[in-house]
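Work through the exercises below with the structure open beside you. Try each task before reading its solution.

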Amino acid sequence: MMQFMLLFSRQGKLRLQKWYEAHPDKLKKKITRELISTILARKPKMSSFLEWRDLKIVYKRYASLYFCCAIEQQDNELLTLEVIHRYVELLDKYFGSVCELDIIFNFEKAYFMLDELMVGGEVCETSKKNVLKAIAAQDLLQEDEIVEMALRDMGLI
């Protein structure tokens, strides 16, 4: 089971975090700082897997973003790497070559996509098509809500 996922920039700025285990905020910040500095200090040719405390850390860099997951000792690192890749493919498909700014300005979409892909630290949907359908449906709901609010503001409803 995945414990948490972090997305951060090459400069060490946290862009997205999803925790599947409850931790106090102070501990989350400490873990985040420690992992970001550890991963950024590693050379590009080094392995994307590392042992950290009682967890395994799996990370992958795509352009200017690092995708980092913490998994339990008995979990499969390659499967986790595949989950990261699937998430990046979904982001790419939705945003059309995703970049850091897409995550910054559309973080709610990035979280929604991650929530469609994973529930409680376990992969629940492997089909990219189904995840993208759910996101398209969410977009339609959002658009309908915006139109309804605009009509209400104009006094037409």
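**Exercise 1: An aromatic cluster**

Task: Find the aromatic cluster that Phe-8 belongs to.

Solution. Phe-8, Tyr-59 and Tyr-66 make up one aromatic cluster. Keep in mind that this is a predicted model. Searching the whole structure gives 6 aromatic pairs.

**Exercise 2: Phe-4 and Trp-19**

Task: Decide how the rings of Phe-4 and Trp-19 are arranged: stacked, edge-to-face or tilted.

Solution. Start with the general rule. Two values describe a pair of aromatic rings: the distance of the centres and the angle of the planes.

- Step 1: take the distance. The ring centres of Phe-4 and Trp-19 are 4.4 Å apart. Rings pair if their centres lie within 6.5 Å.
- Step 2: take the angle. The planes of Phe-4 and Trp-19 stand at 35°. Planes under 30 degrees apart would count as stacked, and over 60 as edge-to-face.
- Step 3: conclude. The planes are at 35°, so the pair of Phe-4 and Trp-19 is tilted.
- Step 4: Phe-4 lies in strand β1 (residues 2-9), and Trp-19 in strand β2 (residues 14-19). They are 15 residues apart, and the pair links distant parts of the chain.
- Step 5: check burial. Phe-4 and Trp-19 are both buried.

**Exercise 3: Phe-8 and Tyr-66**

Task: Work out the arrangement of the rings of Phe-8 and Tyr-66.

Solution. 

- Step 1: the ring centres of Phe-8 and Tyr-66 lie 5.3 Å apart.
- Step 2: their planes are at 10°, so the pair is stacked.
- Step 3: Phe-8 belongs to strand β1 and Tyr-66 to strand β5 (residues 65-72). The two are 58 residues apart, and this pair too links distant parts of the chain.
- Step 4: both Phe-8 and Tyr-66 are buried.

**Exercise 4: A charge and a ring**

Task: Which ring does the charged end of Lys-60 sit over?

Solution. The charged end of Lys-60 sits over the ring of Tyr-62. The distance to the ring centre is 5.7 Å.

**Exercise 5: The whole protein**

Task: How many helices and strands does the protein have, and in what pattern do they follow?

Solution. 

- Step 1: count. The protein has 5 helices and 7 strands.
- Step 2: read along the sequence. The pattern is β-β-α-β-β-β-α-α-α-β-β-α.
- Step 3: Of the 157 residues, 37% count as buried.
- Step 4: The C-alpha atoms fill a box of roughly 60 × 30 × 30 Å along the principal axes.
- Step 5: The mean positions of the 23 positive and 24 negative charges are 9 Å apart.

Terms used: Residues are numbered from 1 along each chain as its sequence is written. This is a predicted model: local features need pLDDT of at least 70, side-chain atom pairs count only at pLDDT 80 or more; totals for chains, interfaces and linings use all residues. Side-chain values use heavy atoms; hydrogens and water are left out. Helices (H or I, at least four residues) and strands (E, at least two) are DSSP runs, numbered from the N terminus. Buried means under 20% relative accessible area, exposed over 50%, partly exposed in between (1.4 Å probe, protein chains only). Lys and Arg count as positive and Asp and Glu as negative; His and the chain ends are not counted. The place of a charge is taken as NZ of Lys, CZ of Arg, CG of Asp or CD of Glu. A charge sits over a ring if NZ of Lys or CZ of Arg is within 6 Å of the ring centre and within 35 degrees of the ring normal.
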